[in-house]
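Please look at the sequence and the structure first, then read the notes below.

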Amino acid sequence: MAQREWDESDVRIRPNKRGTRPRTKDRPSHEDAVVGRIVTVDRGRYTAIVDEDTPQERLVVAARARELRRTAVVPGDFVGLVGDVSGRPDTLARLVRVQERETLLRRSADDTDPVERAVVANADQLVIVVAAANPEPRTGFIDRALVAAYDAGIEPLLLVTKADLKDPAELLANYSLLPLTVVVSRTAETDDDGAAGAGIDARGADGASAKLDDEAVAALRAELDGHVTVLLGHSGVGKSTMVNALTGADRATGGVNAVTGRGRHTSSSALALRLEDSPPGSWIIDTPGIRSFGLAHVDPDRILHAFADLEPGIEGCARGCRHDAAAVECGLDAWVAAGNAGEAGPARLASLRRLLGAGAREEPQDTKELGS
Ligand SMILES: Nc1nc2c(ncn2[C@@H]2O[C@H](COP(=O)(O)OP(=O)(O)OP(=O)(O)O)[C@@H](O)[C@H]2O)c(=O)[nH]1
Ligand SMILES: [Mg+2]
Ligand SMILES: [Zn+2]
């Protein structure tokens with residue numbers, strides 16, 4: 001098989017008495033490597049787009065070189081590729097380098113798990129996706145995602161789907177004082193013969209993706225030009241449905257289990273898709289549904305930045321105040337009680353304190369790929 005030729009071990013220059021790992025100075029410089037943008041990762045195979053936006057543009061599938069065994073490579077990464085980079089069927093290139101990242105969106109499995117998982121690299125926008133209903137939205141998830149976005153230097157947006165099922169006004173009241181762009185989406189009005197939109201999870205008559213309201217899709221689309229945007233949310237909230245509407249792609253979409261209220265994890269790996277008719281470099285990345293958003297990797301001092309509506313309230317705090325539930329005379333209590341953070345203030349403060357109480361202090365160790 002052609003694959004055999006490019007076994008990872010061919011990175012090794014010559015047998016090394018002390019083990020199989022090459023000494024640094026023996027490593028090839030790979031100056032001839034071509035650069036590609038990773039669009040998807042699946043079971044150890046890395047698919048990159050090479051010579052993007054040129055007539056030579058192609059997809060190249062690669063295996064990670066042995067020396068990168070412990071390096072996470074995720075969609076959005078720019079990588080160096082050597083070997084057979086023709087992109088012809090059944091060829092396998094070798095991924096020998098990961099370029100320095102502008103941003104890296106990370107999460108941990110839970111707040112005490114020090115192992116970070118890399119989600120996507122080089123995104124400059126994060127669309128936090130929640131459904132108005134089915135599955136029920138959770139402000140805790142949104143707040144965590146906001147923390148992760150700010151921590152990574154990524155601009156967050158909130159997308160509320162399935163507004164045809166429930167008015168999201170109550171949910172959105174929590175975020176009215178944040179400088180946060182919100183897009184609300186729903187299915188298209190059904191015509192009299194009711195082709196689409198039957199049942200709580202709308203499907204096309206052909207069983208394909210729900211037909212979404214054009215205006216809602218256009219509203220999100222307007223935020224995406226010139227950006228690399230990642231969609232993140234629980235399973236079943238409609239990420240892939242939206243990506244299909246934005247790109248004309250045909251990502252599988254699935255239902256939400258009526259008993260558990262959970263999606264079925266229809267998408268199993270992240271996929272970056274180019275936005276046609278947008279400036280070059282405009283990409284949207286669909287990700288598999290995630291259950292939790294652990295923040296073990298985030299310094300607790302940075303959590304407050306995701307609560308811009310509360311942040312001014314710490315002026316009344318004693319020096320060194322941690323603003324957490326154990327803090328005595330934290331200025332935030334008076335600030336919120338005086339109505340400075342609006343009606344949602346008490347809920348927002350409670351959410352902040354949940355995160356401050358949960359934040360692990362341990363140093364993260366390894367970075368794993370999402371889902372591993
Ligand atoms: N009623 C209604 N249903 C929707 C809407 N958007 C998506 N759906 C339905 O919700 C279900 C789940 O959609 P998906 O796009 O597969 O959800 P996902 O977020 O990609 O899920 P995972 O891939 O598992 O993470 C599908 O049956 C969609 O047709 C909407 O605005 N309204
Ligand atoms: Mg999906
Ligand atoms: Zn305080």
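In helix 4 (residues 214–221), Ala216, Val217, Leu220 and Arg221 are buried, where buried means under 20% relative accessible area, exposed over 50% and partly exposed in between (1.4 Å probe, protein chains only). These residues cover an arc of only 140° around the axis, which puts them on the same side of helix 4; the arc is that of the directions from the helix axis to the C-beta atoms. This is a predicted model, in which local features need pLDDT of at least 70 and side-chain atom pairs count only at pLDDT 80 or more. Residues are numbered from 1 along each chain as its sequence is written.

**Helix 4**
- Helices (H or I, at least four residues) and strands (E, at least two) are DSSP runs, numbered from the N terminus.
- Exposed Asp214 and Glu215 sit on the face turned away from the buried side of helix 4.
- The buried residues of helix 4 pack against strand 8 (125–131), strand 9 (155–161), strand 10 (181–184) and helix 5 (239–247), with contact meaning heavy atoms within 4.5 Å.

- Ser240 lies in helix 5 and Ser267 in the loop between helix 5 and strand 12 (271–274), so the pair ties together parts that are 27 residues apart in sequence.

**Backbone**
- The peptide bond from Asn134 to Pro135 is cis, with omega near 0°.
- Asn134 has a positive phi of about 55° although it is not a glycine.

Key
Chains are lettered from A and ligands numbered from 1 in the order in which they are written. Side-chain values use heavy atoms; hydrogens and water are left out.
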